[in-house]
Amino acid sequence: MARTMFDRIWEQHTVLVRPDGATLLHVGRHLVHDGSRAGFRALAERGMTLRHPARTFGTPDHYVSTKSHELAAIPEPNRREMVSALAENAAAQGFTLFGLGDVRQGIVHVIGPEQGITLPGILMVCGDSHTATHGALGALAFGIGASEVSHVLATQTLWQSRKPRAMRVTVDGVLGAGVTAKDVILAIIARIGAGGGSGHVIEYAGSIFRAMSMEGRMTVCNMSIEAGARAGMVAPDETTFAYLKGRPFAPQGEAWERAVAAWRELPSDADAVFDREVWLDAAEIVPMATWGTSPEDAAPVTGAIPDPAAAPDAERRDAIVRALAYMGLEPGMRMEAIAIDRVFIGSCTNSRIEDLRAAAAVARGRRAVVPAMVVPGSGLVKRQAEAEGLDQVFLAAGFEWREPGCSMCVGMNGDLVAPGERCASTSNRNFVGRQGRGARTHLVSPAMAVAAAVHGRLADVRLMKEIG
Amino acid sequence: MRKFETVEAVAAPMDMANADTDQIIPARFLWRARAEGYGGLLFNDVRSAADGSQKADFVLNRVENAKAEILVADRNFGCGSSREHAVWALSDAGFKVVIAPSFGDIFFNNSFKNGFLPIVLPEARCAEIRAALARNPGARMVVDLEAQEVRGPLGVNDGFGIDAFEIDPFRKELLLAGMDDISFTLSQQGAIGDFEARYEDAMPWV
Ligand code: SF4
């Protein structure tokens with residue numbers, strides 16, 4: 001029977017299936033971070049040890065200071081302990097840690113691919129919903145909860161009571177100038193809704209994903225979660241292999257050849273059937289921004305905020321009314337008229353070298369008129385950006401240049417947006433209070449974030465001359 | 001984990017679609033130790049004003065819901081971030097069951113691991129129950145896991161019903177036995193060991 005890539009990986013990782021259909025899956029590689037303390041505690045309480053240290057990798061990201069990577073720079077003892085506990089657990093259990101002060105430290109979803117920990121065809125898990133990011137390399141990547149983290153630590157397996165359904169989102173055509181992976185995924189979510197992928201694993205297919213860089217694919221897969229999906233994935237191809245080759249934890253030598261041969265067999269069969277199919281035309285996608293408090297509340301930057309009176313049903317109308325009240329916006333207002341107080345470039349969605357290059361291309365020779373900061377996704381991204389002089393471009397344009405971490409994506413380290421403040425952010429969630437209590441988030445691409453910083457309002461980056 | 005027994009308790013209606021985990025428990029509280037309890041922080045930013053004062057009109061602040069153990073919610077409950085703290089907050093606040101038309105996948109999975117039961121009922125029925133509870137504050141409902149049945153609101157003419165619900169049999173078994181996943185998996189060591197040997201053979205590069 002014809003099978004999808006998702007079917008293949010699922011089958012290859014199935015340890016056993018109970019008569020009632022619950023499946024026990026083997027975990028190829030497991031990522032942990034400074035929010036994983038509870039999982040290790042539960043392990044200790046049972047008197048157990050880590051089953052597979054060689055398949056476990058960790059880095060602190062959520063709680064680290066972005067001003068300095070000295071542990072003492074984390075002002076609050078409880079948060080500091082989250083970070084130090086990870087190092088203690090790594091030492092005690094013997095897994096690989098990219099700790100503070102290690103240039104390889106970074107946001108867990110940035111370092112996985114960067115270190116070659118993420119591989120095509122494996123089941124990958126992490127106690128963080130944006131684990132979907134790793135699907136960009138053709139892995140099946142699930143975000144899991146704290147109890148599941150302890151389960152994986154103890155057994156290297158994961159229970160799934162029901163196999164998710166398969167969904168394919170195909171975008172064919174060619175993307176217009178100034179349109180990025182972030183705009184593509186925001187357009188997809190605006191189309192299918194924040195619950196549109198619920199219960200499904202999404203495979204992204206079509207010419208634009210084939211042409212897309214690995215970084216772009218990661219941005220798209222990352223926000224599969226915002227479409228409600230369990231995971232997102234892109235079939236591995238020459239772009240994937242070229243990206244992975246030579247990375248520290250990717251196979252080397254003869255093992256590399258064997259692995260690539262196996263990875264070439266992964267893509268879905270041509271006649272594979274998906275439970276749900278969605279098509280978008282690349283030509284219709286333009287730079288996007290969100291205006292509300294759900295990622296589905298996205299509109300072209302050239303458009304206007306919708307009128308709740310025109311909503312398809314009462315529930316949606318109420319949701320729009322509530323969102324606009326929180327956001328302090330009016331129906332019908334032009335997106336480009338939305339004034340911005342602050343700009344954040346970072347997060348596992350958009351903090352890779354390509355994102356920083358795109359942002360710097362717009363920032364070069366311009367000046368931010370609002371507070372703005374750039375938080376690279378890892379120490380290696382930071383070092384690469386500095387080697388290319390991007391840090392100088394940002395600093396000259398009035399942006400802060402910080403140390404790697406999750407930072408203002410979620411504000412757990414204290415990098416918060418003030419109540420009522422409006423932030424153009426390259427992160428993935430615009431939920432009520434996500435970036436701080438009362439904070440108003442507008443999700444955009446890195447280039448659009450710089451455009452917002454330069455204009456002090458949302459602005460169409462395509463209208464800015466001399467980019468580069 | 002405690003065995004899940006039949007719940008008969010006050011049910012609180014919450015008319016809020018897409019109640020995401022950031023609302024259920026804001027991220028800035030996540031570093032707290034599990035032992036401190038998250039119950040007091042449940043829906044913190046929804047139930048209280050910025051100065052910390054409680055909003056009297058928020059459903060969980062109402063006196064009749066002080067002892068509620070069942071929450072009847074709207075679609076896509078628990079969407080968003082994977083934080084298990086969302087389940088802990090509900091559970092620490094005394095809730096044992098959430099009934100909704102649909103759930104965020106990760107929240108749904110996390111619930112079972114904490115002896116907490118998420119029940120899916122049709123959207124229209126959820127709305128009907130919420131309306132009946134709103135008209136009859138403090139009304140009780142029964143959740144019978146063994147029989148896979150929700151009954152109530154009790155003592156209500158308009159809106160009472162007996163609703164069957166679906167649940168994965170494995171999860172039902174674990175909930176009723178109060179057994180957690182790790183204990184069960186550890187009983188399958190043989191199969192796991194065999195699988196690992198085959199896996200390492202097929203994919204030595206992982
Ligand atoms: S950057 Fe944001 S979304 Fe990504 S892992 Fe960190 S907190 Fe989660």
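Which side chains meet in a salt bridge at 3.2 Å, N to O? The side chains of E173(B) and R18(A) do. A salt bridge here is a side-chain nitrogen of Lys or Arg within 4 Å of a carboxyl oxygen of Asp or Glu. This pair crosses between chains. E173(B) sits in helix α6 (residues 169-177) of chain B. R18(A) lies in the loop between β1 (14-17) and β2 (23-26) of chain A. Helices (H or I, at least four residues) and strands (E, at least two) are DSSP runs, numbered from the N terminus.

The model is predicted; local features need pLDDT of at least 70, side-chain atom pairs count only at pLDDT 80 or more, and totals for chains, interfaces and linings use all residues. Residues are numbered from 1 along each chain as its sequence is written, chains are lettered from A and ligands numbered from 1 in the order in which they are written, and side-chain values use heavy atoms, with hydrogens and water left out.

Buried means under 20% relative accessible area, exposed over 50%, and partly exposed in between (1.4 Å probe, protein chains only). E173(B) is partly exposed, at 44%. R18(A) is buried, at 12%.

A search of the whole structure finds 38 salt bridges over all chains. One of them joins E277(A) and R168(A), at 2.8 Å, N to O. This pair links distant parts of the chain, 109 residues apart. E277(A) belongs to strand β12 (residues 276-281) of chain A, and R168(A) to strand β9 (residues 165-172) of chain A. E277(A) is partly exposed, with a relative accessible area of 26%. R168(A) counts as buried, at 19%.

R462(A) and D460(A) also meet in a salt bridge, at 2.9 Å, N to O. R462(A) is partly exposed, at 36%, whereas D460(A) is buried, at 4%. Elsewhere, salt bridges that share partners join E148(A), K113(B) and D181(B) into one network.

The ligand is surrounded by residues of chain A, among them H62(A), H109(A), D128(A), H130(A), C406(A) and R434(A). A residue counts as near the ligand if one of its heavy atoms lies within 4 Å of it. By class, the shell has four nonpolar, five polar and two charged residues. Ala, Val, Leu, Ile, Met, Phe, Trp, Tyr, Cys and Pro count as nonpolar, Asp, Glu, Lys and Arg as charged, and the others, Gly among them, as polar. Domain 1 (5-263) and domain 2 (291-463) of chain A both give residues to this shell, so the ligand lies between them. The domain bounds come from an automatic or database domain assignment.
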